[in-house]
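Hello,

Please find the structure below. My notes on it follow.

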Amino acid sequence: MGAEVDGFAQFVEVRQRALQRTAWLLTGDWALAEDLVQTALVRSWPRWERIRRRDDPEIYVRRVMVNTWTGWRRRRWRAEYPFEAVPDGPAAGDLAAEVTARIAVCGALGVLSDRQRAVLVLRIFDDLSEAQVARVLGCAIGTVKSTMARAVAQLREDPRLAELMEREAR
Amino acid sequence: MNETDRQLRDLLEAAVGEPPHQVSAEAVRRRVTWRRAVECITAALAVVVVAVLGPAGIRALGHTLRPAGQQGSATVYVGGHSAAIAVTPDGQTAYVVNGTSGTVVPVSTATNASGPPIHVGGDPAAIAVTPDGKTAYVISAPPSGPGTIIPLATATNTPGTPIRTSQGPDAIAFTPDGKTAYVTDGTSGTVIPISTATNAPGPPIHVGGHPAAIAVTPGGQTAYIADDTSGTVIPISTATNTPGKPIRIGGPLGGISVTP
């Protein structure tokens with residue numbers, strides 16, 4: 001049992017942060033993100049040896065994660081709230097900038113369809129290739145391209161995000 | 001990556017922050033163990049229910065619980081994680097594979113009574129019965145090490161010598177004449193023909209991707225393979241054992257069947 005379990009433990013140790021960050025961009029909530037990553041790993045672990053042999057484990061786990069997330073969205077999604085206003089007064093310095101970015105990003109991502117959101121996060125944030133995103137989502141590369149274009153177009157229409165991007169560009 | 005993409009990426013980076021907790025392999029393992037424990041308890045409870053009520057009691061219970069109009073069927077408890085099922089061509093026996101305990105449970109379709117479990121070992125995941133009904137082939141994939149295919153004589157319900165084909169056999173189907181079994185191997189992206197007369201595997205047919213399911217046409221000329229990762233279906237000519245042009249379907253493909 002030793003070797004493959006070690007491989008798994010190592011994978012979790014090295015990749016859990018990246019997976020959780022992706023999961024946060026999908027769910028907008030750290031508790032849900034953690035649960036999503038754990039659930040994806042729980043589902044992958046019994047088949048770990050085979051996953052490792054046949055495939056890029058990261059792609060497989062991400063695929064399970066995205067599928068689990070879309071399953072949640074269909075069944076019992078209650079945890080995400082649109083941000084209309086900052087709940088409390090702004091904190092000082094970088095924290096305020098981070099909170100502003102967080103609220104703008106959460107709001108903008110919330111408008112996208114599940115697939116648009118997943119494509120955008122995997123492609124832009126995780127820097128996966130179009131082919132890899134296609135494998136994660138189980139769709140054609142062309143679909144990834146068109147979904148991505150629509151997602152970006154949609155985000156451009158978000159005023160808060162546009163403002164932040166402009167500020168950054170300057 | 002163009003300028004807009006980069007800006008978006010920086011924004012996402014700025015928004016994400018750091019996860020408050022680490023996810024540990026230990027926690028994942030605990031959850032898997034817990035899930036398996038729940039499965040075992042459920043199975044044990046089912047066994048207790050069967051033992052207490054007996055077959056007649058189960059049928060009576062089924063009749064009481066089921067709404068009118070659906071009378072006449074009953075649930076058969078075989079326990080564990082029932083992963084796959086196949087019925088003999090004469091329709092008398094259903095073979096249910098039980099992944100948790102490494103067994104195959106024969107169920108008489110006339111009485112819906114399950115027979116003694118047949119131990120095949122490993123983690124049986126798929127099963128198919130030859131067209132002549134004499135042998136059931138069980139695919140068993142242990143958590144580590146190569147998978148095997150175990151032929152099971154249906155007359156005696158005894159397992160024969162395991163056939164080693166490759167790393168990770170996933171699904172199995174027979175040609176209608178029963179001479180060849182085709183086994184998909186997701187690990188190596190191949191399909192392996194096995195002569196049922198000798199149980200000797202032939203040279204693997206490379207189809208690529210992760211072939212997850214297979215079905216053979218009633219005429220027996222073509223085997224269709226569903227590729228899990230690329231979302232395509234690949235026809236294989238059974239005469240030459242060569243793959244044809246993939247048919248694009250899209251989506252992760254988990255199963256396939258052919259109209260009779």
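**Contact between the chains**

In this structure, 43 residues of chain A are in contact with 35 residues of chain B (contact: C-beta atoms, placed from the backbone, within 7 Å). This is a predicted model: local features need pLDDT of at least 70, side-chain atom pairs count only at pLDDT 80 or more, and totals for chains, interfaces and linings use all residues. Residues are numbered from 1 along each chain as its sequence is written, while chains are lettered from A and ligands numbered from 1 in the order in which they are written.

On the side of chain A that touches chain B, α1(A) gives the most, with eleven residues. The elements giving two or more residues to that side include α1 (2-27), α2 (30-44) and α5 (93-111) of chain A. Helices (H or I, at least four residues) and strands (E, at least two) are DSSP runs, numbered from the N terminus. By class, that side of chain A has 25 nonpolar, four polar and 14 charged residues. Here Ala, Val, Leu, Ile, Met, Phe, Trp, Tyr, Cys and Pro count as nonpolar, Asp, Glu, Lys and Arg as charged, and the others, Gly among them, as polar.

**Helix α2 of chain A**

The end C-alpha atoms of α2(A) are 21 Å apart, which agrees with the 21 Å that its 15 residues should span at 1.5 Å a residue (expected span: 1.5 Å times one less than the number of residues). Buried residues in α2(A) include Leu36(A), Val37(A) and Leu41(A). Buried stands for 20 or more other C-beta atoms within 10 Å of a residue's own; exposed is 12 or fewer, and partly exposed is in between.

**Helices α7 and α8 of chain A**

α7 (residues 130-137) and α8 (residues 141-156) of chain A pack at an angle of about 100 degrees, with axes 8 Å apart. That makes α7(A) roughly perpendicular to α8(A) (65 to 115 degrees; under 35 is roughly parallel, over 145 roughly antiparallel, the rest oblique). Axes are lines fitted to C-alpha atoms, for helices over the stretch in contact, and angles run from 0 to 180 degrees between N-to-C directions.

Val133(A) sits in α7 of chain A. Val133(A) is buried, with 26 other C-beta atoms within 10 Å. Beyond four places in sequence, its contacts include Val119(A), Leu122(A) and Val144(A).

β15 (residues 211-216) and β16 (residues 222-227) of chain B pair in the antiparallel sense over five bridges (pairing needs at least two DSSP bridges). Ala215(B) stands opposite Tyr224(B) in β16(B).

Best regards

Technical notes: Contact = placed C-beta atoms within 7 Å.
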